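Here are my notes for you, written as numbered points. Keep the model open while you read, and look up each residue as it comes.

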Amino acid sequence: MVVIRRRHAGRSPVPVEDALLAVEVVAPTSNFRDMYDKTKVYAHAGVRSYWVVDPSQERITLTEYALGAGREYDQVTHTEDLFVTEQPWKVSVDLPALTARKNDLLSPEGE
């Protein structure tokens with residue numbers, strides 16, 4: 001998923017260079033591509049904020065990266081708790097609630 005500037009809302013494909021934020025949800029079949037290949041593409045394009053959500057762990061985690069010197073990402077935070085950031089705008093993600101929802105959906109009693 002990418003968050004883009006309003007002026008590109010009707011454009012397809014969206015130019016990655018204009019993305020304000022890229023968010024990857026890691027899939028078991030694409031872990032390497034999500035964690036390494038796409039990271040390089042986004043960094044090279046100048047995407048300043050990059051989040052990786054990993055639902056495959058016991059508790060869902062979110063790692064926030066910011067574009068640093070040399071167009072490489074620096075890890076800002078890694079958490080399985082409440083995630084709050086100001087970049088690219090103020091937002092919070094309740095990871096414990098997402099983990100609970102995932103567990104409810106995957107439990108035999110949830111059927």
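1. One term before anything else: a salt bridge is a side-chain nitrogen of Lys or Arg within 4 Å of a carboxyl oxygen of Asp or Glu. Now find D81 and R59, whose side chains meet in a salt bridge, 3.7 Å from N to O. D81 sits in the loop between β5 and β6 and R59 in the loop between β3 and β4, so this pair ties together parts that are 22 residues apart in sequence.

2. A bit of housekeeping. This is a predicted model, where local features need pLDDT of at least 70 and side-chain atom pairs count only at pLDDT 80 or more, while totals for chains, interfaces and linings use all residues. Residues are numbered from 1 along each chain as its sequence is written, and side-chain values use heavy atoms, with hydrogens and water left out.

3. Now the overall layout. The protein chain has two helices and seven strands (helices are DSSP runs of H or I with at least four residues, strands are E runs with at least two, both numbered from the N terminus). Starting at the N terminus, the order is β-β-α-β-β-β-β-β-α. The C-alpha trace spans about 45 × 30 × 30 Å along its principal axes. Of the 111 residues in the chain, 34% are buried (buried means under 20% relative accessible area, exposed over 50%, and partly exposed in between, with a 1.4 Å probe and protein chains only).

4. Back to the salt bridges: how many does the structure hold? There are three. E80 is in the loop between β5 and β6, 21 residues away from R59. Together R59, E80 and D81 are linked in a network of salt bridges. R59 is partly exposed at 31%, E80 is partly exposed at 31%, and D81 is partly exposed at 41%.

5. Another bridge pairs E24 with K38, the closest N and O atoms being 3.3 Å apart. E24 is in strand β2 and K38 in helix α1, 14 residues apart, so to speak two distant parts of the chain linked up. Is E24 buried or exposed? It counts as buried, at 6% relative accessibility, whereas K38 is partly exposed at 24%.

6. Have a look at K102 in helix α2 (residues 95-106). This lysine is buried yet has no salt bridge. The nearest side chain of opposite charge, D54, is 7.6 Å away (Lys and Arg count as positive, Asp and Glu as negative, while His and the chain ends are not counted). What does lie 2.9 Å from a polar atom of the K102 side chain? The backbone oxygen of P55 does. Leaving out neighbours within four places in sequence, K102 is in contact with P55, Q57, E58 and I60 (contact means heavy atoms within 4.5 Å).

7. T79 belongs to strand β5 and counts as buried at 13% relative accessibility. The side chain of T79 reaches the backbone nitrogen of D81 at 2.9 Å. Beyond neighbours within four places, T79 is in contact with I60, T61, L62 and L95.

8. Two backbone details are worth a click. Q87 and P88 are joined by a cis peptide bond, with omega about 0 degrees, and P88 lies in the loop between β6 (82-85) and β7 (91-94). R71 is not a glycine, but has a positive phi of about 55 degrees. You'll find R71 in the loop between β4 and β5 (73-79), partly exposed at 47%.

9. R71 also turns up beside A45, which is in contact with V16, E17 and R71 once neighbours within four places are set aside. A45 is in helix α1 (residues 31-45) and is buried, with a relative accessible area of 12%.

Definitions and conventions:
Polar contact = N/O pair within 3.5 Å; in protein donor to acceptor, adjacent residues only side chain to side chain.
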